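I opened my notebook to jot down what I looked up in this structure. Here it is, before my notes.

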Amino acid sequence: MNEKKVDSRLLAPVLAGFFIMGFCDIVAPITGRIAAGFPGQQGAVSFLPTMVFLWFLLLSTPVAALMNRIGRKATAILGYAFTCVGLLVPFAAGEGCALGWYFVGFGLLGIGNTIVQVAVNPLLATIVPRARMTSYLTVGQIFRNTSLLLLAPIVTGLVAATGSWRLLLPLYAVLTVVGGVWLQFTAVPEPQSGAKAAGLADCFRLLRNPAVLLSAVGVACFIAADVGIGFLSVRLVDSPSSILTTTGFYACRIVGTLVGAWVLTRYSDVGYLRWNMAAALVLCFVLLFVRSEAAVYAAVGVLGFTLACVFATFYAVATKAEPSHANGISGLMILAISAGALSGPVCSAIIRAAGDARWGMLFVVACVGYMFWAAWRLKIKNAIPKR
């Protein structure tokens, strides 16, 4: 496989899976709009992102084991089914429904997204050359970030047209169905050998490899920081259009992934990670102290650029460190995504204690600080050789 040209007919439906992955990330920025309907339940509303990310902790390694029995494509389609139902539950409950319906719907959305992420990343690995895996994972993140980039314009348009953002839910459900049907009718190959079984104990044994351990915690910190920024960015700007901070963040993420897709085919992925984490750490401190609305938009946007290739780099470094355990690495990396469950409650607690949303950035600073340290601990030899 490493010597063959990538078949675009196989690549396109798999990359569509990355677009669908982004649907779970609507929860953090949308939480602010949901909170407006439950003024007396702000603490409970802050746990909505937790309902999505909790399942990454509980289900990632069991799903990796299931994937060994039913295959990567079937596992992904199962995840699409849960995603679709999760999106439709709060919509079907109706405008003004009880908060519990959002918890149920976003819980199912989290289950579906966990399954999708466990399956789609190694599914991509079966159709692209191993030497270019970081680059192609970065391309996958372009598709994921595109779905997030479109969130604010879609919500703004729906509110202007209907007075509510809730039609976003069935719209994303329809797109999920389309992605599932497309993948079902695509003959994506399953690995015949070289991918060992990934039981729960097998996944955790992989942490004995220092590169895998550093990368797994790095993914956890990246997701926690990413969700934290989504939660905080709409609170750093005192404006009805504050959700547009997410547009700038993900627009710059897409630029970052495009640049990264080019850079990572030519230079060290670990080296590139080091420079980006240094810049990200500086920007986090900037957001702690700036008050200008324009400065917040600019800093959040550039921060999006610096975080564009983090997941792809950590995932690829771990996979290259244990190439015969691709399914186990996938389960372990997706399990690390459960760290996103901490962001809403922790940032909310910091804000309540400090009385200022900016101090919630301390949580993001801690996460980025670890990633900066881990990038210097990883060895350049794990990276893609210069071409």
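How many salt bridges does the count come to? I get five salt bridges, where a salt bridge is a side-chain nitrogen of Lys or Arg within 4 Å of a carboxyl oxygen of Asp or Glu. The background I noted beside that: side chains of opposite charge can pair when their charged atoms come close.

**Ground rules.** I am working with a predicted model, in which local features need pLDDT of at least 70 and side-chain atom pairs count only at pLDDT 80 or more, while totals for chains, interfaces and linings use all residues. Residues are numbered from 1 along each chain as its sequence is written, and side-chain values use heavy atoms, with hydrogens and water left out.

**Entry: salt bridges.** I started with glutamate 95 and arginine 166, whose side chains meet in a salt bridge at 3.6 Å, N to O. These partners sit 71 residues apart: glutamate 95 is in the loop between helix 5 (72-93) and helix 6 (99-125), and arginine 166 is in the loop between helix 8 (151-162) and helix 9 (168-184). Helices here are DSSP runs (H or I, at least four residues), numbered from the N terminus.

Glutamate 95 counts as exposed because its relative accessibility is 62%. Arginine 166 counts as buried, at 4%.

Next I looked up aspartate 269, which forms a salt bridge with lysine 320; the closest N and O atoms are 3.2 Å apart. Aspartate 269 lies in helix 13 and lysine 320 in helix 15, so this pair ties together parts 51 residues apart in sequence. Aspartate 269 is buried, with a relative accessible area of 0%, and lysine 320 is partly exposed at 22%.

Then came arginine 291 and aspartate 356, whose side chains meet in a salt bridge at 3.8 Å, N to O. Arginine 291 lies in the loop between helix 13 and helix 14 (293-306), and aspartate 356 in the loop between helix 17 and helix 18, so the pair ties together parts 65 residues apart in sequence. Arginine 291 is exposed, at 51%.

**Entry: helix 18.** What span should helix 18 have? At 1.5 Å a residue, its 17 residues should span 24 Å (the rule is 1.5 Å times one less than the number of residues). Its end C-alpha atoms are 24 Å apart, which agrees.

I listed buried residues in helix 18, among them Phe363, Val365, Cys367 and Tyr370. What covers the buried residues includes helix 11 (210-236), helix 13 (269-289), helix 15 (310-321) and helix 17 (340-354).

Leucine 362 is also found in helix 18 (residues 361-377), but it counts as partly exposed because its relative accessibility is 40%.

**Entry: cysteines.** How many disulfides does a search of the whole structure find? I got zero, with a disulfide being a pair of cysteine sulfur atoms within 2.5 Å. For cysteine 84, the nearest cysteine sulfur is that of cysteine 24, 15 Å away. For cysteine 221, the nearest is that of cysteine 367, 4.9 Å away. Cysteine 221 is buried, with a relative accessible area of 14%.

Note on methods: Helices (H or I, at least four residues) and strands (E, at least two) are DSSP runs, numbered from the N terminus. Buried means under 20% relative accessible area, exposed over 50%, partly exposed in between (1.4 Å probe, protein chains only). Contact means heavy atoms within 4.5 Å.
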